[in-house]
Amino acid sequence: MNTQALILHCLQASIIGTVFSYGLQATVSDASFLVRHPGLLLRSVVAIFIVMPLVAVLLVEVSALTHATEIALVVLALAPIPPLLPKKESKAGGEGGYALGLMVVMGLLAIVMVPLLTWVLGAYFDREFGMPPQSIAKIIVIMIVLPLLAGMVVRAMAPALATKLARPIALGSMVLLLVAAAPILYAAAPIVVNLLHSGTLLAIVAFIVIGLAVGQLLAGPVPQRQTVLALSTASRHPAIALAIAKTNFPDEPFLAATIVLYLLVVTVMAIPYVTWRRRKAPPAPERSA
């Protein structure tokens, strides 16, 4: 196994461990939250799967961007929320059941929606632009569905054990993520710096700001839900974005670095937003046992 493969496996393990830790703290009620709120479900789908791809297309059409930046914006817009997001949303005062339920439902919908949207955008840009459903399904099942269900099973069968394990596993997964991400960020740093001078940074910032605004607007009047949908709309899944990019543009230079730049920018921009929402929002409702 080479170094690159080892880093990739560490990243995957950290994400799986994080989602498993969510499952150790989750209930069936959390996972099925959106089923009981169909209006919120519809607005969430519109924000994440309809509005943001349109925003990406608009930014591509009105801005003079590099080809790699144009591709990165489009593939990021197609990728649903990342599995590390519910913890950040909860810290910002978001509603825990909605955050977890949104991750589950958007992940499952991505199996159908991502291939459909890639086909639609391919027709719009007049080029073959697709993503096999089985590729998306594999990422979703391995990274979200199975570890979440495993954690929920442990919680149902041994709640005391689940409570003990949740925090150490979450902490260990975060440390593993940082260790694995460090060499990737180091290797991409020179390219990322060059991208700052090409209009890429401005386009990424615009994409994130619009995502935050759209999510907050479509979430409805409940502050805790505004926080969750805003962060979920602005944040995209890097693994799915890279999978789409590699499938359709395997030889495009700087594409991975552009997605890395997006991850850095959305992480930094989330800090003041999370701080603001934590101060503004009332305490989130208690989750059911």
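The model is predicted, so to speak, with rules attached: local features need pLDDT of at least 70, side-chain atom pairs count only at pLDDT 80 or more, and totals for chains, interfaces and linings use all residues. Residues are numbered from 1 along each chain as its sequence is written, and side-chain values use heavy atoms, leaving out hydrogens and water.

Start with valine 260, which sits in helix 12 (residues 255–280); helices here are DSSP runs of H or I, at least four residues, numbered from the N terminus. Valine 260 is buried, at 11% relative accessible area (buried means under 20%, with a 1.4 Å probe and protein chains only). Leaving aside residues up to four places away in sequence, valine 260 touches Ile184, Leu185, Ala188 and Val192 (heavy atoms within 4.5 Å). Valine 192 is 68 residues away along the chain, yet its C-alpha atom is 7.7 Å from that of valine 260.

A search of the whole structure turns up one cavity of 30 Å³ or more, meaning a set of points on a 1 Å grid over the protein atoms alone where a 1.4 Å probe fits but cannot get out, with lining residues having an atom within 4 Å of a point. Volume is the space filled by probe spheres set on the points, which are joined across faces, edges and corners.

| Largest cavity | Value |
|---|---|
| Volume | about 40 Å³ |
| Residues from helix 12 | four, the most of any element |
| Lining by class | eight nonpolar, one polar, no charged |

Among the lining residues are Val266, Met269, Ala270 and Tyr273. Helix 9 (200–218), helix 10 (223–234) and helix 12 each give two or more residues to that lining. For the classes, Ala, Val, Leu, Ile, Met, Phe, Trp, Tyr, Cys and Pro count as nonpolar, Asp, Glu, Lys and Arg as charged, and the others, Gly among them, as polar.

Methods
Buried means under 20% relative accessible area, exposed over 50%, partly exposed in between (1.4 Å probe, protein chains only). On a 1 Å grid over the protein atoms alone, a cavity is a set of points where a 1.4 Å probe fits but cannot get out, and a pocket is an open set with protein on both sides within 12 Å along at least five of seven lines; lining residues have an atom within 4 Å of a point.
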